[in-house]
Amino acid sequence: MGAVFSVRMRASQESMHISGGERLAEEERVREIAHSLIERALTHERGGPDSIHLTIDKMDRSDIQSIAALPISTIPVRDVHEGYAAAQRKLVEAGIPSAIAAHAIDLLKKGPGPQGTVMRGAVLMDVQTGERLEPDIARGVRVSRFDWKEETLRSWMDEVSSFGFNRSRIWEAIALASKVAAAPGVLAEICWSDDPSYVTGYVSSPSLGYVRIPHLKEKGDPVGGRIFFVDRQQTDISTLIHYLEKQAVWIDQLPENLI
Ligand code: PML
Ligand code: MG
Ligand code: MG
Ligand code: MG
């Protein structure tokens, strides 16, 4: 067996985040994956980048953790008002206090970065106080070093293709949400895209699974991001950040009921 590499891309324009991508690649696929990430950076709808960083690091195979993908469901909402109400309801179901859930949704609406900008990484929000826990609140915490095992992704695609879920946007988001849900001390996540044309977002947690919400912003809106709700009693923040950024994780199992 060859080596496994983490392949990461981030692209920016005048230091504003344009796009990113996180993959784990068997040695023979590193070139192809690096190529597809560069292609993504150069053709992104958020704009042409003036800087693209590609980082490739060899991983120790025996240090890679294995987890299962979260199951998917969808809440059929008709517009953003129903979308925010659904997100709020699901977060409360996941154990997030109602006021903190509302505060998080407002933060993503206005843009979680300085002056309403988008961030490269996610917000870590204290579930008791709503306080932000990232060491650098302009950057946030970037979840990295995770991917589907190739054969697991293939079986997943087969099973979900009749629902139209077999798209890279969705499997990448599920992989990230699955790693985050497995994190020590993270109770739930909310996300919607910063890509202007993409309005579907999700709420996820170990008990809810990955719950898609088809309208979490209006088309054309370039503001979005991710918020992870953290119980500080269950984890040390630097341990959590290390897991999210540095711990390599394969998604190599499917849940009992995928959908
Ligand atoms: C992103 O584009 O960065 C996140 C997309 C999240 C929703 C994906 C989906 O389930 O449709
Ligand atoms: Mg993204
Ligand atoms: Mg957890
Ligand atoms: Mg994006």
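This is a predicted model: local features need pLDDT of at least 70, side-chain atom pairs count only at pLDDT 80 or more; totals for chains, interfaces and linings use all residues.
Colleague: Where do I start? How many helices and strands does the protein chain have?

Modeller: Count the elements before anything else. The protein chain has 6 helices and 12 strands.

Colleague: What radius of gyration would a compact globule with 259 residues have, and what does the protein chain have?

Modeller: A compact globule of 259 residues would come near 18 Å. The protein chain has 17 Å, so the value agrees with that expectation. Along its principal axes, the C-alpha trace spans about 50 × 45 × 40 Å.

Colleague: What percentage of the residues count as buried?

Modeller: Of the 259 residues, 55% count as buried. The chain exposes about 11,600 Å². Carbon and sulfur atoms supply 50% of that area.

Colleague: What share of the contacts joins residues 24 or more positions apart?

Modeller: Take the contacts with a separation of 6 or more. Residues 24 or more positions apart account for 71% of them.

Colleague: Now the sheet. How do strands of a sheet pair?

Modeller: They pair through backbone hydrogen bonds, either parallel or antiparallel. Here, one open sheet has 6 strands and mixed pairing. Read across it in the order β5-β10-β9-β8-β11-β6.

Colleague: Which are the edge strands?

Modeller: They are β5 (72-74) and β6 (123-126). Each pairs on one side only. From one strand to the next, the twist averages 20°.

Colleague: Which helix packs on the sheet?

Modeller: Helix α2, residues 80-93, does. It touches β8 (186-192), β9, β10 and β11 (225-230). The direction of α2 makes about 170° with that of β8.

Colleague: In which sense do β9 and β10 pair, parallel or antiparallel?

Modeller: Antiparallel, over 5 bridges. Strand β9 covers residues 201-205, and β10 covers residues 209-213. Find S204, then look across: it stands opposite Y210 in β10.

Colleague: Last, the metal. Which protein donors does the magnesium ion (ligand 3) have?

Modeller: Look for the atoms that face the ion. They are A181 (O), A183 (O) and V186 (O). These donors lie 2.5 to 2.7 Å from the magnesium ion. In sequence, the donor residues are spaced A-x1-A-x2-V.

Colleague: Are A181 and A183 buried or exposed?

Modeller: Compare each relative accessible area with the cut-off: buried means under 20%. A181 has 12%, so A181 is buried. A183 has 7%, so A183 is buried too.

How values were computed
Residues are numbered from 1 along each chain as its sequence is written. Chains are lettered from A and ligands numbered from 1 in the order in which they are written. Side-chain values use heavy atoms; hydrogens and water are left out. Two strands pair if DSSP finds at least two bridges between them. Helices (H or I, at least four residues) and strands (E, at least two) are DSSP runs, numbered from the N terminus. Axes are lines fitted to C-alpha atoms, for helices over the stretch in contact, and angles run from 0 to 180 degrees between N-to-C directions. Contact means heavy atoms within 4.5 Å. The radius of gyration is taken over C-alpha atoms; the globule rule is 2.2 Å times the number of residues to the power 0.38. Buried means under 20% relative accessible area, exposed over 50%, partly exposed in between (1.4 Å probe, protein chains only). Accessible areas come from the Shrake-Rupley method with a 1.4 Å probe; for residues, only the protein chains shown count as cover. Donors are N, O and S atoms within 2.8 Å of the metal (3.2 Å for Na, K and Ca); water is not among the atoms, so sites may look incomplete.
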